[in-house]
Amino acid sequence: MTGATLREVLPDAEALARRGAEFVLQTCQQASGDLRVCLAGGTTPKRMYELLATPEFAPRMPWARVHWFWGDERFVPQEDPSNNYRNTRIAMFGPAAVPVTHIHPVRTVGTTPDQAATEYERLLQSAYGSATLDPARPLFDVVLLGFGDDGHCASLFPGTAVLSERRRWAAAVVGVKPEPRITLTYPTLESARHLVVLGAGAGKHEVLQRIQRGDDLPIAHVRPVGTLHWFLDRAAAEGA
Ligand code: 6PG
(Lines give C-alpha, C1' and ligand atoms only; values in the text may rest on other atoms or scores of the structure.)
Protein backbone atom coordinates (compact mmCIF):
# COMPACT_ATOMS: atom_id res chain seq x y z
CA MET A 1 0.00 0.00 0.00
CA THR A 2 1.52 3.35 -0.94
CA GLY A 3 0.09 6.85 -0.99
CA ALA A 4 0.11 9.70 -3.44
CA THR A 5 3.16 11.43 -4.82
CA LEU A 6 3.16 15.22 -4.59
CA ARG A 7 5.72 17.56 -6.17
CA GLU A 8 6.29 21.19 -5.29
CA VAL A 9 8.76 23.59 -6.90
CA LEU A 10 9.74 26.55 -4.70
CA PRO A 11 11.35 29.74 -6.06
CA ASP A 12 14.70 29.32 -4.30
CA ALA A 13 16.59 27.44 -1.55
CA GLU A 14 15.28 29.70 1.22
CA ALA A 15 11.66 29.13 0.14
CA LEU A 16 12.38 25.40 -0.03
CA ALA A 17 13.79 25.41 3.51
CA ARG A 18 10.77 27.35 4.74
CA ARG A 19 8.35 24.96 3.02
CA GLY A 20 10.11 22.01 4.61
CA ALA A 21 10.07 23.59 8.06
CA GLU A 22 6.37 24.44 7.73
CA PHE A 23 5.63 20.87 6.63
CA VAL A 24 7.38 19.35 9.62
CA LEU A 25 5.74 21.86 11.97
CA GLN A 26 2.24 21.24 10.61
CA THR A 27 2.67 17.47 10.62
CA CYS A 28 3.89 17.53 14.22
CA GLN A 29 1.12 19.91 15.33
CA GLN A 30 -1.63 17.86 13.67
CA ALA A 31 -0.50 14.48 15.03
CA SER A 32 -1.41 13.37 18.53
CA GLY A 33 0.88 11.61 20.97
CA ASP A 34 4.58 10.98 20.44
CA LEU A 35 6.02 11.44 16.97
CA ARG A 36 9.09 10.09 15.26
CA VAL A 37 10.94 12.14 12.65
CA CYS A 38 13.80 10.68 10.61
CA LEU A 39 16.27 13.36 9.57
CA ALA A 40 18.35 13.64 6.42
CA GLY A 41 22.04 14.37 6.58
CA GLY A 42 24.06 16.35 4.09
CA THR A 43 23.78 20.08 3.46
CA THR A 44 20.34 20.55 1.85
CA PRO A 45 18.25 20.41 5.05
CA LYS A 46 20.59 22.64 7.12
CA ARG A 47 18.66 25.86 6.60
CA MET A 48 15.37 24.05 7.23
CA TYR A 49 16.70 22.79 10.56
CA GLU A 50 17.89 26.29 11.45
CA LEU A 51 14.46 27.73 10.68
CA LEU A 52 12.76 25.24 13.01
CA ALA A 53 14.88 26.61 15.86
CA THR A 54 13.99 30.27 15.18
CA PRO A 55 11.45 32.26 17.24
CA GLU A 56 9.10 32.04 14.23
CA PHE A 57 8.91 28.23 14.43
CA ALA A 58 10.34 26.92 17.71
CA PRO A 59 7.57 28.13 20.04
CA ARG A 60 5.00 26.31 17.89
CA MET A 61 6.89 23.01 17.67
CA PRO A 62 5.67 20.32 20.14
CA TRP A 63 9.27 19.45 21.05
CA ALA A 64 8.18 17.37 24.06
CA ARG A 65 6.34 14.96 21.74
CA VAL A 66 8.88 14.58 18.94
CA HIS A 67 11.67 12.01 18.82
CA TRP A 68 14.47 12.55 16.32
CA PHE A 69 16.33 9.87 14.39
CA TRP A 70 18.62 9.80 11.30
CA GLY A 71 18.28 8.05 7.98
CA ASP A 72 22.01 7.58 7.90
CA GLU A 73 25.18 8.57 9.72
CA ARG A 74 28.81 8.82 8.88
CA PHE A 75 30.80 6.50 11.15
CA VAL A 76 32.96 9.31 12.55
CA PRO A 77 33.10 10.86 16.04
CA GLN A 78 30.30 13.27 16.91
CA GLU A 79 32.83 16.12 16.92
CA ASP A 80 33.71 15.46 13.29
CA PRO A 81 32.35 18.19 10.95
CA SER A 82 30.85 15.51 8.68
CA ASN A 83 28.80 13.89 11.46
CA ASN A 84 25.09 14.35 10.67
CA TYR A 85 24.05 14.36 14.34
CA ARG A 86 26.64 17.09 15.07
CA ASN A 87 25.40 19.29 12.25
CA THR A 88 21.77 18.90 13.27
CA ARG A 89 22.68 19.68 16.89
CA ILE A 90 24.37 22.90 15.80
CA ALA A 91 21.57 23.91 13.42
CA MET A 92 18.53 22.97 15.48
CA PHE A 93 18.84 21.02 18.72
CA GLY A 94 21.13 23.46 20.51
CA PRO A 95 19.28 26.68 19.63
CA ALA A 96 15.87 25.10 20.26
CA ALA A 97 16.89 23.37 23.52
CA VAL A 98 15.40 20.06 22.36
CA PRO A 99 15.26 17.47 25.17
CA VAL A 100 18.33 15.22 24.93
CA THR A 101 16.15 12.21 25.73
CA HIS A 102 14.34 12.80 22.45
CA ILE A 103 17.45 12.80 20.27
CA HIS A 104 18.60 9.37 19.10
CA PRO A 105 21.92 9.51 17.25
CA VAL A 106 23.74 6.51 15.82
CA ARG A 107 26.68 5.47 18.04
CA THR A 108 29.90 5.97 16.10
CA VAL A 109 32.62 5.40 18.72
CA GLY A 110 33.56 2.41 20.87
CA THR A 111 31.83 0.02 18.48
CA THR A 112 32.06 -1.33 14.93
CA PRO A 113 29.93 -0.19 11.99
CA ASP A 114 28.03 -3.47 11.97
CA GLN A 115 27.45 -3.39 15.73
CA ALA A 116 26.31 0.23 15.46
CA ALA A 117 23.79 -0.74 12.79
CA THR A 118 22.46 -3.59 14.93
CA GLU A 119 22.26 -1.30 17.95
CA TYR A 120 20.35 1.31 15.95
CA GLU A 121 17.97 -1.32 14.65
CA ARG A 122 17.24 -2.38 18.23
CA LEU A 123 16.73 1.23 19.26
CA LEU A 124 14.21 1.73 16.45
CA GLN A 125 12.40 -1.52 17.24
CA SER A 126 12.21 -0.55 20.90
CA ALA A 127 10.78 2.86 20.00
CA TYR A 128 8.30 1.22 17.61
CA GLY A 129 7.35 -1.52 20.07
CA SER A 130 7.81 -4.35 17.61
CA ALA A 131 10.43 -6.00 15.38
CA THR A 132 7.93 -6.18 12.53
CA LEU A 133 6.93 -3.12 10.55
CA ASP A 134 3.18 -2.83 9.97
CA PRO A 135 2.28 -0.79 6.87
CA ALA A 136 -0.84 0.38 8.68
CA ARG A 137 1.30 1.79 11.53
CA PRO A 138 4.32 3.55 10.03
CA LEU A 139 7.47 3.78 12.16
CA PHE A 140 8.00 7.44 11.24
CA ASP A 141 5.59 10.32 10.94
CA VAL A 142 8.05 12.11 8.69
CA VAL A 143 11.15 10.88 6.86
CA LEU A 144 13.37 13.49 5.24
CA LEU A 145 15.73 12.47 2.45
CA GLY A 146 18.19 14.28 0.24
CA PHE A 147 19.72 12.70 -2.82
CA GLY A 148 23.20 12.73 -4.30
CA ASP A 149 24.42 13.31 -7.85
CA ASP A 150 24.53 9.51 -8.24
CA GLY A 151 20.93 9.21 -7.09
CA HIS A 152 21.74 7.79 -3.66
CA CYS A 153 19.57 8.57 -0.66
CA ALA A 154 20.55 8.09 2.97
CA SER A 155 23.59 5.86 2.39
CA LEU A 156 21.82 3.64 -0.12
CA PHE A 157 24.37 3.96 -2.90
CA PRO A 158 23.96 2.59 -6.45
CA GLY A 159 25.21 -0.94 -6.96
CA THR A 160 25.49 -1.82 -3.28
CA ALA A 161 24.11 -4.92 -1.58
CA VAL A 162 22.20 -2.87 1.00
CA LEU A 163 19.72 -1.89 -1.74
CA SER A 164 18.27 -5.39 -1.61
CA GLU A 165 18.27 -5.64 2.20
CA ARG A 166 14.65 -6.19 3.21
CA ARG A 167 15.12 -7.89 6.62
CA ARG A 168 17.48 -5.65 8.60
CA TRP A 169 16.26 -2.19 9.61
CA ALA A 170 19.75 -0.68 9.47
CA ALA A 171 23.03 -1.76 7.93
CA ALA A 172 26.69 -0.77 7.69
CA VAL A 173 27.93 0.41 4.29
CA VAL A 174 31.70 0.09 4.08
CA GLY A 175 34.08 0.85 1.22
CA VAL A 176 31.86 3.19 -0.80
CA LYS A 177 32.85 6.44 0.90
CA PRO A 178 36.10 7.13 2.78
CA GLU A 179 34.25 6.67 6.07
CA PRO A 180 31.91 3.76 6.83
CA ARG A 181 28.24 4.68 6.84
CA ILE A 182 25.31 3.41 8.87
CA THR A 183 22.09 3.58 6.87
CA LEU A 184 18.45 2.69 7.35
CA THR A 185 17.27 0.23 4.71
CA TYR A 186 14.41 0.74 2.28
CA PRO A 187 11.73 -0.98 4.40
CA THR A 188 12.59 1.25 7.36
CA LEU A 189 12.74 4.50 5.41
CA GLU A 190 9.52 3.57 3.61
CA SER A 191 7.69 3.00 6.90
CA ALA A 192 6.72 6.66 6.76
CA ARG A 193 3.40 8.47 6.97
CA HIS A 194 5.08 11.23 4.96
CA LEU A 195 8.38 10.87 3.12
CA VAL A 196 9.81 14.18 1.93
CA VAL A 197 12.60 14.32 -0.67
CA LEU A 198 14.47 17.64 -0.67
CA GLY A 199 16.46 18.93 -3.63
CA ALA A 200 18.04 22.34 -4.05
CA GLY A 201 20.44 23.87 -6.53
CA ALA A 202 21.21 23.47 -10.23
CA GLY A 203 23.60 20.67 -9.31
CA LYS A 204 20.59 18.41 -8.70
CA HIS A 205 18.99 19.09 -12.08
CA GLU A 206 20.77 16.42 -14.08
CA VAL A 207 20.07 13.63 -11.59
CA LEU A 208 16.44 14.77 -11.42
CA GLN A 209 16.23 14.40 -15.17
CA ARG A 210 17.65 10.88 -14.85
CA ILE A 211 15.06 10.07 -12.18
CA GLN A 212 12.28 11.38 -14.38
CA ARG A 213 13.61 9.28 -17.30
CA GLY A 214 13.22 6.23 -15.06
CA ASP A 215 16.91 5.51 -14.56
CA ASP A 216 17.65 2.82 -11.98
CA LEU A 217 18.67 5.11 -9.11
CA PRO A 218 18.19 4.40 -5.39
CA ILE A 219 16.10 7.53 -4.69
CA ALA A 220 13.81 6.64 -7.62
CA HIS A 221 12.81 3.39 -5.91
CA VAL A 222 11.61 4.91 -2.65
CA ARG A 223 7.96 3.94 -2.05
CA PRO A 224 6.73 5.06 1.37
CA VAL A 225 3.61 3.41 2.80
CA GLY A 226 2.26 6.95 3.14
CA THR A 227 2.64 10.03 0.98
CA LEU A 228 5.75 10.84 -1.07
CA HIS A 229 6.52 14.55 -1.32
CA TRP A 230 9.19 16.12 -3.56
CA PHE A 231 10.19 19.61 -2.45
CA LEU A 232 12.52 21.15 -5.05
CA ASP A 233 13.76 24.64 -5.70
CA ARG A 234 13.53 26.06 -9.23
CA ALA A 235 17.26 25.69 -9.86
CA ALA A 236 17.06 21.96 -9.22
CA ALA A 237 13.80 21.46 -11.06
CA GLU A 238 14.64 23.60 -14.10
CA GLY A 239 18.41 23.74 -14.06
CA ALA A 240 18.64 27.53 -14.17
C1 6PG B 1 24.42 12.10 3.94
C2 6PG B 1 23.00 12.10 3.48
C3 6PG B 1 22.96 11.91 2.00
C4 6PG B 1 22.55 13.28 1.46
C5 6PG B 1 22.82 13.37 -0.02
C6 6PG B 1 22.58 14.81 -0.49
O7 6PG B 1 24.70 11.63 5.05
O8 6PG B 1 25.23 12.65 3.17
O9 6PG B 1 22.18 11.36 4.17
O10 6PG B 1 22.08 10.93 1.55
O11 6PG B 1 21.16 13.48 1.73
O12 6PG B 1 24.16 13.02 -0.24
O13 6PG B 1 23.53 15.62 0.14
P14 6PG B 1 23.44 17.22 0.03
O15 6PG B 1 22.17 17.63 0.74
O16 6PG B 1 24.67 17.71 0.75
O17 6PG B 1 23.40 17.55 -1.44
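Guide: Let's start with a term: two residues are in contact when heavy atoms lie within 4.5 Å. The model here is predicted, with local features needing pLDDT of at least 70, side-chain atom pairs counting only at pLDDT 80 or more, and totals for chains, interfaces and linings using all residues. Numbering runs from 1 along each chain as its sequence is written, and side-chain values use heavy atoms, leaving out hydrogens and water.

Visitor: What covers the buried residues of α3?

Guide: Buried means under 20% relative accessible area, with exposed over 50% and partly exposed in between (1.4 Å probe, protein chains only). Helices (H or I, at least four residues) and strands (E, at least two) are DSSP runs, numbered from the N terminus. The cover includes β2 (35-39), α2 (46-52), β3 (66-70) and β4 (72-74). Among the buried residues of α3 are Tyr85, Met92 and Phe93.

Visitor: Where does α3 bend?

Guide: A bend is the angle between axes fitted to the seven residues ending at a residue and the seven starting there. α3 bends by about 50 degrees at Ile90.

Visitor: In what order do the strands of the open sheet stand?

Guide: Strands pair if DSSP finds at least two bridges between them. The order of these 3 strands is β4-β7-β6, with antiparallel pairing. β4 and β6 (170-173) are at the edges with a single partner strand each, so one side of each has no neighbour in the sheet. β6 and β7 (residues 181-184) are joined over 4 bridges, and Val173 is opposite Arg181 in β7.
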